[in-house]
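Student: I would like a close look at one part of this protein. Please pick a charged residue and walk me through its surroundings.

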Amino acid sequence: MTAILRTEPAPEVPGDGDALPDGATAPRRPSLSPSRAADFKTCPLLYRFRTIDRLPERKSLAAVRGTLVHAVLERLYDLPAPRRTVEAAQELLEPAWAELRDEPGIAELFQSAQEDGAETDANAPESVEAWLASAGKLVEKYFALEDPTRIQPEGREQLVEVTLPDGLLLRGFVDRLDVAPNGALRVVDYKTGSMPREAFEAKALFQMKFYALVLWRTRGVVAAQLKLIYLGDGDTLTYAPDEAELLRFERTLQAIWDAIERAVATGDFRPNKTRLCGWCDHQAVCPAFGGTPPPFPAEAAAAAGWQTPLPVVERD
């Protein structure tokens, strides 16, 4: 088993940590992240569109606001502990927004302002001022949930990855990793929405168990706490996994990966129509909505390190 723990973004290479001869280039290698695993569980065709076809998707005000708030909370911990105040965090909003606003697709979200800046849907335009104020409220709410002057993270936006014995490469970015003096790990993730109902907690914890598994495999330590911080309603969800549970979760991920490999080998990614389809950008090319997917991008799949797909057998 090969394990890697990085604090800088990794290059598009296998990521297994093996040294390469000078001038050599490692082939690209498919990997599984929490979001892509969740995509495949939700809809295999969505996984294909996002991971292999890489079809463009619209940005939303809610998603961009989440990116902005995450950036502010990450930078907050660059400050000395005594300076981590609400006021200092609010001052970080403008420079973080200055870096974010020039990204493609963001300016279009603010082309026309809504009355009073109120959002009616995820992509409805509102004034920049109202939108920034809403982000500021989320940042302020964070301070009611944690005292950042008493926390010294080991890592923020930290890449964690591991290669399992069967060759599956797991990788993801942890919002924050805290390590206690006794070595206990706490994995923290910020959410700008509201805490899910109890029936949906397992889905919310899927991402956190993924991180816990990678950290267990890299450090040999089961995280003492997985903590989801919901800034939308000012609540938290905590969970303490155990080793047996992480072993079961590892088998679940391996089963998901096996299914993904079969789908890539045949080019057969089936749609799964659910209520979530209302938020999908790909209905026009989805068979569940009368659309026709583009031809399977075999060359792109091969370039990404997948086995060459077999011819797809048409079904009646």
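**A buried aspartate and its surroundings**

Tutor: Asp 175 is buried, yet it has no salt bridge. The nearest side chain of opposite charge belongs to Lys 191, and it is 6.3 Å away.

What does the side chain of Asp 175 reach instead? It reaches the backbone nitrogen of Tyr 190, at 2.8 Å. Asp 175 itself sits in strand 3, which covers residues 169-179. Now look at its contacts, leaving aside neighbours within four places in sequence. They are His 70, Gly 155, Arg 156, Glu 157, Val 188, Asp 189 and Tyr 190.

One of these contacts, Glu 157, deserves a stop. Glu 157 is in strand 2, residues 155-163. Its phi is near 45°, a positive value in a residue other than glycine. Glu 157 is partly exposed, with a relative accessible area of 27%. Arg 54 also has a positive phi, about 55°, and is not a glycine. Arg 54 lies in the loop between helix 2 (44-53) and helix 3 (61-76). With a relative accessible area of 55%, Arg 54 is exposed.

Back to charges. Side chains of opposite charge can pair when their charged atoms come close. The model has 18 salt bridges. One joins Asp 178 to Arg 176, with the closest N and O atoms 2.7 Å apart. Both of these residues are buried. Another joins Glu 245 to Lys 209, where the closest N and O atoms are 2.9 Å apart. Glu 245 lies in helix 7 (residues 243-266) and Lys 209 in helix 6 (residues 201-219), so this pair ties together parts that are 36 residues apart in sequence. Glu 245 counts as buried at 10% relative accessibility. Lys 209 is buried too, with a relative accessible area of 16%.

Arg 270 is partly exposed, at 43% relative accessibility. Asp 268 is partly exposed as well, at 24%. Some salt bridges share partners: Glu 146, Arg 176, Asp 178, Arg 186 and Lys 227 are joined in one network.

Now step back to the whole protein. It has eight helices and six strands. Along the sequence, they follow the pattern β-α-α-α-α-α-β-β-β-α-β-β-α-α. Of its 316 residues, 42% count as buried. Among contacts with a separation of 6 or more, 68% are between residues 24 or more positions apart. The accessible surface comes to about 16,600 Å², and carbon and sulfur atoms account for 51% of that.

Finally, how confident is the prediction? The average pLDDT is 85, and 83% of the residues score at least 70. Confidence is highest in strand 5 (residues 225-230), at 98. It is lowest in strand 1 (residues 2-6), at a mean of 38. Over residues 1-27 the pLDDT is below 50, although the model gives this stretch 46 contacts beyond near neighbours in sequence. Residues 312-316 also stay under 50, with four contacts beyond four places in sequence.

Notes
Residues are numbered from 1 along each chain as its sequence is written. This is a predicted model: local features need pLDDT of at least 70, side-chain atom pairs count only at pLDDT 80 or more; totals for chains, interfaces and linings use all residues. Side-chain values use heavy atoms; hydrogens and water are left out. Helices (H or I, at least four residues) and strands (E, at least two) are DSSP runs, numbered from the N terminus. Buried means under 20% relative accessible area, exposed over 50%, partly exposed in between (1.4 Å probe, protein chains only). Lys and Arg count as positive and Asp and Glu as negative; His and the chain ends are not counted. A salt bridge is a side-chain nitrogen of Lys or Arg within 4 Å of a carboxyl oxygen of Asp or Glu. A polar contact is a pair of N or O atoms within 3.5 Å; within protein, one must be able to donate a hydrogen and the other to accept it, and residues adjacent in sequence count only if both atoms are side-chain atoms. Contact means heavy atoms within 4.5 Å. pLDDT is the predictor's confidence in each residue, from 0 to 100. Accessible areas come from the Shrake-Rupley method with a 1.4 Å probe; for residues, only the protein chains shown count as cover.
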